[in-house]
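Subject: Structure handover

Hi,

Here is the structure I promised you. Please open it first, then read my notes below.

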Amino acid sequence: MKRVTLFAAMVAALILAGCATALEEPPAKPVAQGGLSKQAMDALAQAEADVKDAKKSGNSWSTATDALKAAEDAARKGDSATVLKNAKKASEQANLSQRQKKYPTLSF
Amino acid sequence: MYKQKYPNVKFEDYIHGAMIVSPDALQQYESIMAFPPFLVDIDKGKKLWETPFKNGKTYADCFQNGGKMVAGNYPYYDEKLGKVVTFEGAVNLCREANGEEPYDYGDRRTMGLLVAYARTLSDGMKMNIKVDSPGALKKYEEGKKYYFSRHGQLNFACATCHIGNAGNTLRTEILSPMLGQATHWPVFRGGDSLNTLHMRYKRCEEQVRADPKKPGSEEYNNLEYFMSYMSNGLPMYSSIYRK
């Protein structure tokens, strides 16, 4: 009888553990993983801020958005060189879009 | 400006867009419009229009004259709401007033099909947009500014193509003039791909590498307000074929 009770308790524990695992949301992958150089992390943070500002102004470019996404993807893989390259591009494109907003409107 | 460039094009022909400078394209268009391949979609839109809400009312109850010959009055500036209301916006106001969820402005299967039919009820009506209050003028000016401002990495304004280069060829496409551009939506590109005016705005912005706004956004509503005013006096004609 003791054995049966012990077995039932183990099965119940396993089922409960299984349910808990199934209910848990898969953890979101952090953008920056260990292994990224400080330079890459700084460039990524700057790019995120620049693109955010551009979007807030209502005149952002898809080239900036796409480059930031590529930088974030590279960050998940711990690829500092690619992060740096794309983050710099994202910042540059975001800053250019802000300068464009100050251009005079066309006239004919 | 267009008069100087195209002295032989009649005012009412500007609803044909780029085809004013391409008789061959206009002939093709007229052949296709004799038996439009998108009639099934118009029928689906009609069904949506005529299906009562849960409370028994219909879209026709929301619009003057049951929705007939009214689309030319849209967009208008709503003083109470303090914003521009497009025809699609009025559809969603109608839905909400009758306890229904608003449609997504970018959804072809709902808003797209519905207005593809509903706008045909105003075929022949002349565009009749009013800018008659300080609030309305502000939104008109915002729309105008958007039209003439440069966007995207390619540094294009709407006006770059549709005023400065209207009638010229860009890659394989002739650029349509701004006059008349707001009169004939939705269009079925290639005969089967439904596009509302705001979807077209979005695509234009993507093409110049700008982050596009959402269909139904304030920016696009104001832009449509300005463009529609500029087409005042031209006859509406929906839904149509475009290449």
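Start with A:Ala74. This residue sits in helix α3 (residues 62-77) of chain A. Helices here are DSSP runs of H or I with at least four residues, strands are runs of E with at least two, and both are numbered from the N terminus. A:Ala74 is buried, at a relative accessible area of 5%. Buried means under 20% relative accessible area, exposed means over 50%, and partly exposed is in between (1.4 Å probe, protein chains only). Beyond its neighbours within four places in sequence, A:Ala74 is in contact with A:Asp79, A:Thr82 and A:Val83. Contact means heavy atoms within 4.5 Å. Now look at A:Leu106. A:Ala74 and A:Leu106 are 32 residues apart in sequence, and their C-alpha atoms are 39 Å apart in space.

A word on the ground rules. This is a predicted model, where local features need pLDDT of at least 70, side-chain atom pairs count only at pLDDT 80 or more, and totals for chains, interfaces and linings use all residues. Residues are numbered from 1 along each chain as its sequence is written, chains are lettered from A and ligands numbered from 1 in the order in which they are written, and side-chain values use heavy atoms, with hydrogens and water left out.

The model scores ipTM 0.88 and pTM 0.88. Chain B has a mean pLDDT of 96, and 100% of its residues reach 70 or more. pLDDT is the predictor's confidence in each residue, from 0 to 100.

Chain A

Chain A holds 4 helices and 0 strands. Read from the N terminus, its elements run α-α-α-α. Of its 108 residues, 30% count as buried. Take the contacts in chain A with a separation of 6 or more: residues 24 or more positions apart account for 74% of them. The chain exposes about 7,500 Å², and carbon and sulfur atoms supply 62% of that. Accessible areas come from the Shrake-Rupley method with a 1.4 Å probe; for residues, only the protein chains shown count as cover.

Chain B

Chain B has 10 helices and 7 strands. Its C-alpha atoms fill a box of roughly 55 × 45 × 30 Å along the principal axes.

Buried residues make up 53% of the 243 residues in chain B. Among its contacts between residues at least 6 apart in sequence, 69% join residues at least 24 apart. The accessible surface of chain B comes to about 12,000 Å², with 52% belonging to carbon and sulfur atoms.

Residues to click on in chain B

B:His184 lies in the loop between β4 (173-174) and β5 (187-189). Is B:His184 buried or exposed? B:His184 is buried, with a relative accessible area of 5%. Setting aside neighbours within four places in sequence, its contacts are B:Ile15, B:Tyr237, B:Ser238, B:Ile240 and B:Arg242.

One of those partners, B:Ser238, has a cis peptide bond to B:Ser239, with omega near -25 degrees. B:Ser239 is in the loop between α10 (218-230) and β7 (240-242). Another cis peptide bond joins B:Tyr74 and B:Pro75, where omega is about 0 degrees. B:Pro75 is in the loop between α4 (59-62) and β1 (76-78).

B:Arg200 is in helix α9 (residues 197-207). B:Arg200 counts as buried, because its relative accessibility is 18%. Not counting residues up to four places away in sequence, B:Arg200 touches B:Trp185, B:Arg189 and B:Gln207. B:Arg200 and B:Pro215 are 15 residues apart in sequence and 9.1 Å apart in space, C-alpha to C-alpha.

B:Arg209 lies in the loop between α9 and α10. Its phi is positive, about 65 degrees, although B:Arg209 is not a glycine. B:Arg209 is partly exposed, at 38% relative accessible area.

B:Arg171 lies in the loop between β3 (169-170) and β4. Its phi is also positive, near 55 degrees, in a residue other than glycine. B:Arg171 counts as exposed, because its relative accessibility is 82%.

Best wishes
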